[in-house]
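Here's a quick briefing to read with the model open beside you.

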Amino acid sequence: MRLRTGVARIVMWRGLTGRESLGHAGFALLVAALGVATSILLSRLDLGTEALKLCLQIAVAMAAGALVLAVLSIRRISRGRQQIAESELRFRRAMEDSAIGIVVVGLDGRIRQTNPAFAAMLGYTSEEIEALTFFQITHPDDLLIGRETMDDLKAGTVNSFHFEKRYLRKDGTSVWAHLAGSVIRDETSGRPLYLVSQIENIDARKQAEARIAEAETRWNFALAGAGQGVWDLDMRKGGTTYSSTWVKMLGYADGELDGDPDRWLTMIHPDDREAVIEADRAHLDGETPFFEAEFRMRHKDGHWVWILDRGKAIERDEDGRLIRAIGSLTDITRRKEAEERLTVSAAMLADEKERLRVTLQSIGDAVICTDAANRITFMNPVAEKLTGIAGGEALGKILGHVYWAVDEETGRRIGVTRPAVGVHAPADQNSRAVLIRRDDTRCSIRQVVSPIINERNEFCGLVIVFQDFTDARALQRQLAHAAAHDALTGLANRSSFIRAMDDLVGQARKDGAANTTKSVGDTTESTGDTTESVRGAGHQFMFIDLDHFKLVNDTGGHAAGDALLKRVAATVRGVLGPDDIVARLGGDEFAVILKSGSAAGAKIAARSIIDAIGGLDFTWDGRPHVIGASIGLAAINANCGEVDEIIARADAACYAAKAAGRGCVCVAPDAQIVDGRTEPLAAAS
């Protein structure tokens, strides 16, 4: 027979058993009384009438008493059964009306009885779920805790239980529940009979906890990804706790620095500690809205790490004493190292020292944020300064009304647009942008444009980070100019001049090869024309050496020589055309590349240079000096050889000009130098 019972039914059944035993005892007493009377009659037939009468009276009295006792027992049994029925009805109503699940489970794991709340929680009817075992409706990952609890109850080591686990609904989905119950045991033997459990649906709470944990994970990941650590000072908890990013930044393990709220001060560099303590005091005294300081902290291995610390007191007691403060720390070692490198560069460039010092003092990034509609939502003070527009005026305006950047070389606008839907767009960096302000002034900047994408892969806006790069780009141009020009005369230096000659020689060879191909293909051209075409017009190289310059140096000193060299450089530059290249090779030696390929034109230009130098009116310390120049010419064409060979031929021609009496021009032959000797050179004077 199927057992229909709860805790109350088991208890009432035991009471009923006791009352029925009482009725049986009364009936037994009646039978015993009659038996006694009968035995007396049978054994005492020879008694007198009075004795017999007495015995019968006793028997009748005993029978009457037994009868009364039996009647009382029957009444008690009837009342007990009524109470059991009422108790069972109350128990059933309590189960039926309960808002949480109630389940009676057998020791074999079968569900003996359940209420509608539990059946509804799992999407079953009561009949369907009472045909299952708790193993069938438990999530596979949580079966172990149920089995262990059942084993402990059977072994008698526990009498009650409470834990959380997941059940499986009829549709296969899981639901979290909290179980609390106890075991019903036999009063006589102590043997476990059933388990009675109260089951509460806690799925909503579990999901909320999961969302909170996910949000905390994203927050911690964002901080770790940004390289920022977090500290939390809570005097009620006895000290300071630090995030794992913070302690790892200094080489420690999680929790190793927690506790003492003043320990961080002992780790600060002695040169920085006083300023940090003062900044901390100013904030605690209400003089500043938040605490901010840059300082060095000692890493666990002994080296120093630059830290940017920002924090704020968020709770105080009635007397204004600090209770809780929270802040963040960022490793800015790389930025500080970059600043140090800039400082070293400034020291090497004396004329840029003051400007670089101001630049370092005002270093900072400008930031502009927009929404998905490209309207400005935020501008920091540096951005206000660079754009010339106040943040309050810019908020809500389209980005193009405030920020307009163009390419420095092409002058085209640098677009700042949203990425395509579903396309991962990395940060867009541009190091040659120019910011055009509202008043048409310009500022060279370096910008990084990053899209903001939320967790649903939706575009939310842009973050534009830009820096004033005007001074840095000017310095780059100066350095590039210094690397290619002579510091004394401003002419091209030897290295840049050699590079220019390499390019011209290479181009002459390409032109010669092209002309050769054309000549071979066109059979109508004459041999002479073919030869001239193969050689190509090319260019002319001029080697200039000053005459009598040593005398100026010896009598007037190097200052006089330097002054004269500047005059000579300006004179040579003034004689030649804008396309011709003039360089100082070293000492009193100059070189020129004439873009005109005519040898006759080169001789005329050389003669003009000699005349201009000879006509210099140079006086030093009241003493006039007259110098001259000797020039050697060499052609640059397809058959001229390497650069050093061209220079060697022109140098030899210049030597021949000096030997011919100075102040004249010698032209090197096209043929290469043989055995260190040149053919006789024609002089043009």
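Let's begin with the second largest pocket, whose volume comes to about 400 Å³. Keep in mind that this is a predicted model.

**The pocket**
- A total of 21 residues line the second largest pocket, and L233, P261, W264, D280 and L322 are the ones closest to its centre.
- Two or more lining residues come from each of these elements: strands β6 (228-234), β7 (239-242), β9 (304-316) and β10 (322-331), plus helices α8 (263-266) and α9 (270-284).
- Which element gives the largest share of the lining? That's β9, with four residues.
- Sorted by class, the lining of this pocket holds 14 nonpolar residues, four charged ones and three polar ones.

**The sheet**
- Elsewhere in the numbering, six strands make up an open, antiparallel sheet, and its order reads β12-β11-β16-β15-β14-β13.
- At the edges sit β12 (376-379) and β13 (405-407), each of which pairs on one side only.
- On average, neighbouring strands of this sheet are turned by 35° against each other, direction ignored.

**A strand pair and its helix**
- Inside the sheet, β14 (residues 428-436) pairs with β15 (residues 442-453) in the antiparallel sense, over seven bridges.
- To find your place in that pair, look for A433, which stands opposite I445 in β15.
- Helix α14 (residues 470-484) packs on the sheet and touches β14, β15 and β16 (459-468).
- The direction of α14 makes about 120° with that of β15.

Notes. Residues numbered from 1 in each chain as written. Predicted model: local features only at pLDDT ≥ 70, side-chain atom pairs only at ≥ 80, totals over all residues. Heavy atoms only, no water. Pairing = 2+ DSSP bridges. Axes fitted to C-alpha atoms, helices over the stretch in contact; angles between N-to-C directions. Contact = heavy atoms within 4.5 Å. 1 Å grid on protein atoms, 1.4 Å probe; cavity = no way out; pocket = protein on both sides within 12 Å on 5 of 7 lines; lining within 4 Å. Points joined across faces, edges and corners; volume = space filled by probe spheres on them. Nonpolar A, V, L, I, M, F, W, Y, C, P; charged D, E, K, R; others polar.
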